[in-house]
Amino acid sequence: MDVSQLYELLWGFAGPRVVTLAAKVGLLRALAQAPADAPELAAALKLDLPATGKIVRALCAQGLLAVEGDKFRLHPALRKHFLPGPDDLTPFVAHAQALADRWGAGLEDWLRSGAEKGSTRAGDKLAAFSQGMQAAAALLAHQVVEALDGLLGIERVLDLGGGTGGYARVFCSAQPRLQVTVLEVAEVATLGTDSLVGTELGQRIHFISGDYHHSEFPAGQDLVLLANVLHIEKAAQAQALVQRAAASLAPGGRLAVVDFIIDEHKRENLMGALFAINMRSRGDTYSEPELRAWLRAAGLAQLRRVDLPPAHWLILGQAPADPPDYSTSV
Ligand SMILES: C[S@@+](CC[C@H](N)C(=O)[O-])C[C@H]1O[C@@H](n2cnc3c(N)ncnc32)[C@H](O)[C@@H]1O
């Protein structure tokens, strides 16, 4: 890295704030719907005109907007993510903003002491976090379905720490016979249950309140999912969770770990290395050799890695099939 790159890196805080603000005030949604110029946007969204012009031009410089004549339009690849519907990323953008607001606070204390001041979310903050997770899950869950051959033959799924059911919803829409049990902490389980009241999915996605370290898991699962859960645990607890999850599989059932990618030495993959800091001393980003070792120690075989952009991977393992029954042979 040279000093020009360092200079730009230090200004890296500014770009994301422009994006999250543009999402918050509705600029990105408006530009996903139709091309517009700054005066049209300022009038429609009741914003200051010169300020709107600067924000829109910075979004353009960052590559989010394309110029169409004298108007701007959200890049085609991003449009569905800012329109209402299952791909809407707006709650995740709000989550990213909330994370940025509190990310630096306490970082120096943590570096000096290894300790972190209380950071438990509850109430509105937990609801916003869960909505953000659900929106991000929509980016990855379809890729998990694809990696598992459309979930063919999978009917019983246990989603440990499955939030408000981001993966469960996508899995159910991919496979009509599938039922999902989502084990979550009480407050999130209630949010998930409430979000499905009166819907057809309410009959197929069952939230149970519990602690995945201690609660008994329903047995005989075709698939157990640990999505973005191992990184919130220390290594020993994460490995124990893999062990318990594997024990609830039916013969031939599969364990799916979805988490942030990081390289073996944890010093090349920037997103993975930064996410490890995000977890402070509570959790970590785990490497492929670590995850594979935990799955193997839990008795799983046929291990496989599939990359899930953005920034994630899927590590799969399979429980042994039923041993052949020789009791009736002569
Ligand atoms: C980072 S979120 C991931 C949510 C979802 N799996 C996803 O990938 O979108 C981690 C989830 O684990 C849940 N969780 C944390 N500790 C738990 C525990 N001890 N037992 C059950 N759920 C837990 C949290 O409530 C949260 O919803």
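Which residue of β4 stands opposite L160? I looked it up, and L183 in β4 stands opposite L160.

Before going on, I noted the ground rules. This is a predicted model, so I kept in mind that local features need pLDDT of at least 70, side-chain atom pairs count only at pLDDT 80 or more, and totals for chains, interfaces and linings use all residues. Residues are numbered from 1 along each chain as its sequence is written.

**Entry: the sheet.** I traced an open sheet of seven strands in the order β5-β4-β3-β6-β7-β9-β8, with mixed pairing. Strands here are DSSP runs of E with at least two residues, helices are runs of H or I with at least four, and both are numbered from the N terminus. Two strands pair if DSSP finds at least two bridges between them. β5 (205-209) and β8 (301-308) are the edge strands, and each has a single partner, so one side of each is left without a neighbour in the sheet. Ignoring direction, neighbouring strands are turned by 20° against each other on average.

**Entry: two strand pairs.** Strand β3 (residues 156-160) pairs with β4 in the parallel sense over five bridges. β8 pairs with strand β9 (residues 312-318) in the antiparallel sense over six bridges, and there I found A301 opposite Q318 in β9.

Entry: Five of the six residues of β4 are buried, so β4 is largely enclosed by the rest of the structure. Buried means 20 or more other C-beta atoms within 10 Å of a residue's own, exposed means 12 or fewer, and partly exposed lies in between, with C-beta atoms placed from the backbone. I then checked the ligand and counted 17 residues around it, of which M133, G161, G163, A227 and N228 come nearest; a residue is near if its C-beta atom, placed from the backbone, lies within 6 Å. The elements giving two or more residues to this shell are α9 (123-147) and β4 (179-184).

**Entry: helix α11.** Helix α11 (residues 186-196) lies across β4 and β5 and runs at about 155° to β5. Axes are lines fitted to C-alpha atoms, for helices over the stretch in contact, and angles run from 0 to 180 degrees between N-to-C directions. I picked out E187, whose place is in α11. E187 has 15 C-beta neighbours inside 10 Å, so E187 counts as partly exposed. Leaving out residues up to four places away in sequence, E187 touches A122 and L126; contact means C-beta atoms, placed from the backbone, within 7 Å.

Definitions and conventions: Contact = placed C-beta atoms within 7 Å.
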